[in-house]
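Dear colleague,

Please find below the sequence and structure that I am passing on to you. My findings follow, arranged by topic.

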Amino acid sequence: MCTTCGCSDAARSTEHAQPHEHAQPHDHPHEHGHSHEHGHSHEHGHSHEHGHSHEHGHSHEHGHSHEHDGGHPAEHRILRWERELVAKNARLAERNRLHFERTKTTVINVIGSPGAGKTALLEATIGRLGAEIGGVLEGDQATRRDADRIERAGARVVQINTDAGCHLDADMVDRGIEELAPVAGRLVFVENVGNLVCPALFDLGEHAKIVVLSVTEGDDKPLKYPHVFRVARLLVLSKVDLLPHVNFDTERCIEYARRVNPALDVVRVSPVRGDGLPQWCDYVRQWTKEARVWT
């Protein structure tokens with residue numbers, strides 16, 4: 001998990017680029033029942049349960065490792081810290097969800113590998129849905145290159161840079177939504193950091209997760225990275241205009257994905273040619289209707 005890939009420290013420090021065209025006042029009173037624990041609780045990837053350092057002025061060369069800490073080895077402390085991290089994120093995600101329900105905001109978490117076509121899909125979607133979209137939270141480790149593309153397409157955007165972090169979490173999304181300040185009842189896309197693993201593990205309070213898989217990737221990805229396909233509501237097979245030029249078996253990929261998640265819907269798109277975009281937008285509008293009838 002994150003303590004293994006090393007993103008846990010960096011994920012605490014996010015950079016929010018101010019959204020351009022801040023047309024409406026920030027009417028976000030935070031009635032969603034959370035205290036905005038943004039002050040970074042200094043869970044830096046170690047638990048601060050150091051015990052003591054055993055630097056007593058003698059060497060303690062007893063032939064044992066001195067992993068005292070109550071007799072628990074380091075692996076146990078890491079596992080406990082991971083559970084605490086996920087539990088804290090789940091609490092914040094639930095608070096996000098309550099806020100989204102109250103404001104009838106549809107939040108869609110877009111997950112996929114680097115280069116899968118996530119930003120291109122959103123650009124094409126903005127062109128079709130226009131004012132139905134309240135904005136985009138753009139997750140990347142560095143730069144605001146994709147945020148600039150989203151702005152040029154016509155949507156408001158907040159860039160969230162994670163440095164070495166490999167995913168967005170519920171706290172980042174909470175702060176991003178606060179800064180974006182979308183009009184109630186609108187649709188917000190979260191373009192997660194390019195990664196098929198960690199983003200699937202962290203609940204953001206979203207209405208739906210979707211996974212974008214390009215035909216330039218392997219058709220066995222659903223078997224190699226099953227969790228993201230298991231939690232997704234929709235598989236978007238992107239860049240289908242390139243199928244004549246790549247070795248990708250579409251039907252086999254879909255069969256693998258449905259082994260993992262039999263209920264998974266699939267849409268095949270090409271933002272370049274426009275293939276599948278009406279069907280994709282139908283899914284998005286359906287999710288928006290679902291969100292608006294939340295109580």
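With a relative accessibility of 10%, Cys166 counts as buried, because buried means under 20%. Please keep in mind throughout that this is a predicted model. Which cysteine sulfur is nearest to Cys166? The sulfur of Cys198 is, at 3.3 Å. A disulfide is a covalent bond between the sulfur atoms of two cysteines. For a pair to count as a disulfide here, the sulfur atoms must be within 2.5 Å, and Cys166 is in no disulfide. A search of the whole structure likewise finds zero disulfides. Another cysteine, Cys281, has a relative accessibility of 2% and therefore counts as buried.

**The chain as a whole**

The protein chain has ten helices and eight strands. Of its 295 residues, 51% count as buried. The accessible surface comes to about 13800 Å², and 50% of this belongs to carbon and sulfur atoms. Among contacts with a separation of 6 or more, 76% are between residues 24 or more positions apart.

In soluble globular proteins, nonpolar side chains tend to be buried together. The largest nonpolar core in this model has 28 residues, and those touching the most other members are Ile108, Leu121, Phe189, Ile210, Val236 and Trp280. Several helices and strands each supply at least two residues of this core, including strand β2 (106-112), helix α3 (118-129), strand β6 (208-214) and helix α10 (277-292). Another core, of 19 residues, lies apart from it, and its members include Val211, Leu213, Phe248 and Cys253.

What does Ile210 touch, leaving aside its neighbours within four places in sequence? Its contacts include Ile108, Val110, Leu121, Val236, Trp280 and Trp287.

Ala170 belongs to helix α5 (residues 170-180). Is Ala170 buried or exposed? Ala170 is buried, because its relative accessible area is 0%. Not counting residues up to four places away in sequence, Ala170 touches Asn89, Leu92, Ala93, Asn96, Asp203 and Leu204. The C-alpha atoms of Ala170 and Arg91 are separated by 8.7 Å, although these two residues are 79 residues apart along the chain.

Asn161 lies in strand β4 (residues 157-161), and its relative accessibility of 9% is the reason why Asn161 counts as buried.

**Positive phi angles**

Most residues other than glycine have a negative phi. Asp163 is not a glycine, yet has a positive phi of about 60 degrees. Asp163 is found in the loop between β4 and α5 and, at 35% relative accessibility, counts as partly exposed. Lys239, also a residue other than glycine, has a positive phi near 60 degrees. The place of Lys239 is in the loop between β7 and α9 (250-260), and at 25% relative accessibility Lys239 counts as partly exposed.

Which residues make the nonpolar surface patch of about 230 Å²? The patch is made by Val197, Leu201 and Tyr225. Of these, Leu201 is in helix α6 (residues 198-201). With 37% relative accessibility, Leu201 counts as partly exposed.

Yours sincerely

How values were computed
Residues numbered from 1 in each chain as written. Predicted model: local features only at pLDDT ≥ 70, side-chain atom pairs only at ≥ 80, totals over all residues. Heavy atoms only, no water. Patch = residues over 30% accessible without salt bridge, like charges linked within 9 Å, V, L, I, M, F, W, Y side chains within 5 Å. Areas by Shrake-Rupley, 256 points an atom, 1.4 Å probe, with all protein chains shown as cover. Salt bridge = Lys/Arg side-chain N within 4 Å of Asp/Glu carboxyl O. Helix = DSSP H or I, 4+ residues; strand = E, 2+ residues; numbered from the N terminus. Buried < 20%, exposed > 50% of the residue type's maximum accessible area, 1.4 Å probe, protein only. Contact = heavy atoms within 4.5 Å. Core = buried A, V, L, I, M, F, W, Y, C linked by side-chain atoms within 4.5 Å.
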